[in-house]
Amino acid sequence: MAKITDGNRGTIAKAELPAKGQRFMFDDHRDAPRGFGLRITAAGGKAFILKYTIDGRERRKTVGDWPTWSLEAARAEARDLARDIAQGKDPLEAKRRRREVPLLKDLAGEWLDKHASGLASEKAIRGYINNDLVPAIGNMKVSDIRRRNVIEVVEAKAEKTPRAAAQVLLYARRLMDYATDRDYIPANPLAGLKPSSITVKGKRNPLKAKVRARVLDHDEIAAFWTNAETSGLHRLTALALKLVLVTGQRPGEVCGMREDEILGRWWTIPADRRGKTDSAHTVYLTDAALQIIADAKAEIDRLSRRRDEPWSGFILEARSGRPITNAALCRAVDRQHIALGARVVQPWGRWTPHDLRRTMRTGLSACRVRPDIAEMTIGHVKGGIIAVYDHHSFDAERQAAWEAWDARLSRIVAGQDPDAAQADNLVWLGVAR
């Protein structure tokens with residue numbers, strides 16, 4: 001043991017190099033912890049080290065290279081390490097564990113493959129992660145990410161697209177939950193962080209969703225129905241929009257309808273095509289719905305004579321052999337809004353394909369359909385304890401609801417008062433008299 005001194009003429013500068021390998025000089029300074037010293041290699045390298053024993057094993061931790069680290073700084077660091085070791089913490093084990101902690105971008109890829117693949121919203125989820133989160137903090141170790149890092153990403157996104165920012169926060173929180181489950185971090189730093197915690201230019205709760213309440217009035221329904229197939233829309237697009245209004249199902253589910261999903265008057269939307277649930281859903285096809293499907297199949301037959309690929313079974317098939325998409329419906333409605341008679345209604349603007357579904361659901365209430373039956377009709381699942389114990393399908397009641405809406409819609413399209421004959425034409429099953 002020898003007191004190590006620093007400086008141009010001190011012990012470190014003049015320390016003799018070993019002929020080969022390495023040798024150690026340990027410090028006996030009163031401020032130096034036991035095991036602190038200097039490692040010298042034959043090549044002339046010098047570094048401060050701390051030799052210690054933990055769980056019966058002798059270990060050696062490199063504090064830092066000299067002269068990058070001064071003797072005083074190295075001693076102070078060694079004292080801190082010694083205190084941790086005395087508490088049972090192994091700095092080399094901590095270093096090994098840190099090496100195993102992935103970068104956020106690597107963990108994100110793993111999480112997306114396991115938890116987003118196959119979902120209807122997979123493309124959107126990957127976009128939020130890969131286009132917003134990864135470019136900003138993807139090169140950070142997961143264990144280094146703090147609440148503030150994610151808040152900055154979300155606030156920057158919220159300045160232009162508040163609702164998308166709320167989704168970024170949602171999936172960032174789920175990603176960090178996954179990191180916690182994999183034991184890369186002891187706790188999720190985003191736990192409890194709600195959209196209401198985000199502020200943008202003094203705006204309070206900018207990420208709060210505005211519940212859309214746009215429905216088509218009777219004039220808009222009639223104008224849409226009358227002009228859809230002559231407005232300049234592709235005929236299959238027009239028929240898809242009509243089928244959304246008739247059935248009340250989600251536009252994406254309607255677009256994906258296949259011939260093998262239809263049996264008689266019932267259409268079964270399989271679980272893997274449901275937009276927001278994980279169970280199959282059956283839809284009664286009224287006369288209007290069956291006519292739309294027949295018209296679509298006739299159009300497919302006409303188009304197939306000009307197409308190179310055979311029909312793949314989609315009732316509303318695009319040229320690529322895949323179904324029309326919800327995004328294509330939205331673009332088409334926006335492009336032909338004048339011909340479709342879509343008015344600007346504040347604060348929502350013109351109607352969208354999904355507003356046709358909301359219009360149908362509102363129409364069920366006008367038909368005096370019980371709320372629980374109406375919700376089941378459009379595919380909303382039962383909740384709470386009812387979902388656990390009540391598995392009755394209510395097929396007859398739901399069929400009556402669709403038929404009631406079919407009759408009401410036909411009167412609206414014909415320019416008649418849909419409520420005039422309501423009292424004399426109540427549908428008994430599932431409808432409140």
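Colleague: How many aromatic pairs does the structure hold?

Modeller: Six aromatic pairs. Keep in mind that this is a predicted model.

Colleague: Why is the pair Phe36 and Phe48 called stacked?

Modeller: The ring centres are 5.8 Å apart, and the cut-off for a pair is 6.5 Å. The planes stand at 15°. Under 30 degrees counts as stacked, so Phe36 and Phe48 are a stacked pair.

Colleague: What makes this pair a tie between parts of the chain?

Modeller: Phe36 belongs to strand 2 (residues 36-41) and Phe48 to strand 3 (residues 46-54), so the pair ties together parts twelve residues apart in sequence. Both Phe36 and Phe48 are buried.

Colleague: Why is the pair Phe224 and Trp351 called edge-to-face?

Modeller: Their ring centres lie 5.4 Å apart, with the planes at 75°.

Colleague: Where do Phe224 and Trp351 lie in the chain?

Modeller: Phe224 is in helix 8 (residues 218-227). Trp351 is in the loop between helix 13 (337-340) and helix 14 (353-366). They are 127 residues apart, and the pair links distant parts of the chain. Both Phe224 and Trp351 are buried.

Colleague: Which residues do ring pairs link into a cluster?

Modeller: Trp266, Tyr284 and Trp402.

Colleague: What lies over the face of Trp225?

Modeller: Lys242, at 4.6 Å from the ring centre. The distance limit for a charge over a ring is 6 Å. Lys242 also takes part in a network of salt bridges with Glu229, Arg235 and Asp295. Elsewhere, the charged end of Arg258 sits over the ring of Phe314, 4.8 Å from its centre.

Colleague: How many salt bridges does a search of the whole structure find?

Modeller: It finds 30 salt bridges.

Colleague: What makes Arg265 and Asp287 a salt bridge?

Modeller: Their side chains meet at 2.6 Å, N to O. The cut-off is 4 Å. The pair links distant parts of the chain, 22 residues apart. Arg265 is in the loop between strand 5 (262-263) and strand 6 (266-269), and Asp287 is in helix 11 (residues 287-304).

Colleague: What about Asp395 and Arg398: where do they lie, and is each buried or partly exposed?

Modeller: Both lie in helix 17 (residues 395-413), three residues apart, about one turn of the helix. Asp395 has 30% relative accessible area, so it is partly exposed. Arg398 has 3%, so it is buried.

Colleague: Why does Asn188 count as buried?

Modeller: Its relative accessibility is 11%. Buried means under 20%, so Asn188 passes. Asn188 is in the loop between helix 7 (162-181) and helix 8. A polar atom of its side chain lies 3.1 Å from the backbone oxygen of Arg173.

Conventions
Residues numbered from 1 in each chain as written. Predicted model: local features only at pLDDT ≥ 70, side-chain atom pairs only at ≥ 80, totals over all residues. Heavy atoms only, no water. Phe/Tyr/Trp six-rings, centres within 6.5 Å; stacked < 30°, edge-to-face > 60°. Helix = DSSP H or I, 4+ residues; strand = E, 2+ residues; numbered from the N terminus. Buried < 20%, exposed > 50% of the residue type's maximum accessible area, 1.4 Å probe, protein only. Lys NZ or Arg CZ within 6 Å of the ring centre and 35° of its normal. Polar contact = N/O pair within 3.5 Å; in protein donor to acceptor, adjacent residues only side chain to side chain.
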